[in-house]
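Dear colleague,

I am handing over the structure below, together with a short account of what was found in it. Please read the notes alongside the coordinates.

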Amino acid sequence: MERKNTRKLKIGNLFVGGDAPVSVQSMLNAHPEDIEGNVRQTKQLYEAGCDIIRVAIPGIHDVGLIPAIKEASPMPVVADIQYNYRLAIESAYAGADKVRINPGNIGDADRVKAVVDACRANGVPIRIGVNSGSLEKEILAKYQRPTAQALVESAMLNIALLEKYDFYDYLVAIKSSDVYETIQAYRMISELRDCPLHLGVTEAGTERMGLIKSAAAMGSLLCDGIGDTIRVSLTADPVREVAAGRDILRSLGLDRSGPRFVSCPTCGRCKIDLVSIATQVEEALKDCTKDIKVAVMGCIVNGPGEAKDADIGVAGGYPECTLFRKGQVIRRVPAEHLVEALLQEVEQL
C-alpha cells in the first residue's frame, strides 16, 4: 500500500503524518481527581505499546493531571477539551503536547483565536475532533442525520476557523459509530486536505464488537493509504485498545515491533489440541519484539505448505509433530513438547 503524503506534525517527542509510522493512541479512564490512578494507568499503557495518551480535562483543577502524566512516561499527552476554551488555553501552558477540541463548540471567533494563540505560543498542535454526536445544529438539520457528508462539512468549517488565523498545525478526526459512514467521511476529507488524520470509530462498543468495527473501518482506510494515527475505542480496559491497535497495524504490515501470528482453524485431520497450543504460543510471545512470522498449524497438509513463508512454525501429527522453517522441516517432536520446542526455535531466530 502507498500511504498518502500528509503534513508532518511534531507532537511532543513524536512525529505524526508524512513518513512517520502510524501511531497507536488510547485514553485514560481513571477519575480526574485520582492522580495516582491516572499515573498508574499511564505507565501500564506505555508498557503495552501505546504511543500517545489522551486525558479528559473537565475542569480547571484537572489541568494538574497533565504534568503528572508527563512525568510518568515519555508519551505525548493530549488534553481532551469540550466547550470551555479556557481549559484548552490552560492545558497548552501546562505542558500538553496536543489539544483536542471541536472548534464549533468552543464558542465565538474570539475564543477560538485565544486557543489558537495559546497553542501557537507553546508549539502545541490542535486536533479537530468531529463525531456523529457533536454536529452543529444547522448541519444536522441540513442532512437530517450524521452522514459522511455532514461530518466532512463540519470538519471543513472547523478547519476554516483555524486557518482563518493562519494556524495549520492541526490534525483531523471524523468519527461515526457507523463503519460505512466513517470510511466514507475519511475518504472524502483525505481528498480535500493534506492534514494528518486520526482514525477511529466512535462508540464502537464492547471489546468483541468494537474490535470488529474498528478493524473493518481502519483496515479499509489504511489499505487506501489513509490514516496517520489510530485509536481503537472499546468499552474495556484501555490496555486492550492498545493491543487491538497494534494487532490491526501488524496484520497490515504497518507495525514490525512483534511477531505476526498465524494458525489454522483445524479440521478432522488435526490430531492435537491445537486451540490450547496456539493460545499458549500466542501468550508466550506477547512481549516478543522480533519481526517474525510464527505459524501454528493443525496438520502437515496446511503446515509447511500453506505456511511456508513463516520464519518458524509447527504442524500437528501423530505420533510426532513437525517443526519447520520457511517451509522446510527441521525436526520432529512429541506433541507434549511442541510449545517448548517452538519457543526454543523462536529464541534462536
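Helix α9 (residues 238–251) contains 14 residues and spans 20 Å from its first C-alpha to its last, close to the 20 Å expected at 1.5 Å a residue; the expected span is 1.5 Å times one less than the number of residues. Helices (H or I, at least four residues) and strands (E, at least two) are DSSP runs, numbered from the N terminus.

This is a predicted model, in which local features need pLDDT of at least 70 and side-chain atom pairs count only at pLDDT 80 or more, while totals for chains, interfaces and linings use all residues. Residues are numbered from 1 along each chain as its sequence is written, and side-chain values use heavy atoms, with hydrogens and water left out.

Just after the helix, Gly 253 adopts a positive phi of about 75 degrees. The buried residues of α9 include Glu 241, Arg 246 and Arg 250; buried means under 20% relative accessible area, with a 1.4 Å probe and protein chains only. Among the elements covering the buried residues of α9 are β3 (23–27), α1 (35–48) and β11 (260–263).

Strand β11 also belongs to an open sheet of 5 strands, in the order β11-β12-β13-β14-β15, with mixed pairing. Its edge strands are β11 and β15 (328–334), each pairing on one side only; two strands pair if DSSP finds at least two bridges between them. Strands β12 (residues 293–297) and β13 (residues 312–315) run parallel and are joined by 4 bridges, and Val 296 stands opposite Val 314 in β13.

Contacts of Val 172 beyond four places in sequence include Ile 128, Ala 155 and Tyr 186, where contact means heavy atoms within 4.5 Å.

Finally, Arg 100 lies in strand β6 (residues 98–101) and counts as buried because its relative accessibility is 5%.

Yours sincerely

How values were computed: Buried < 20%, exposed > 50% of the residue type's maximum accessible area, 1.4 Å probe, protein only.
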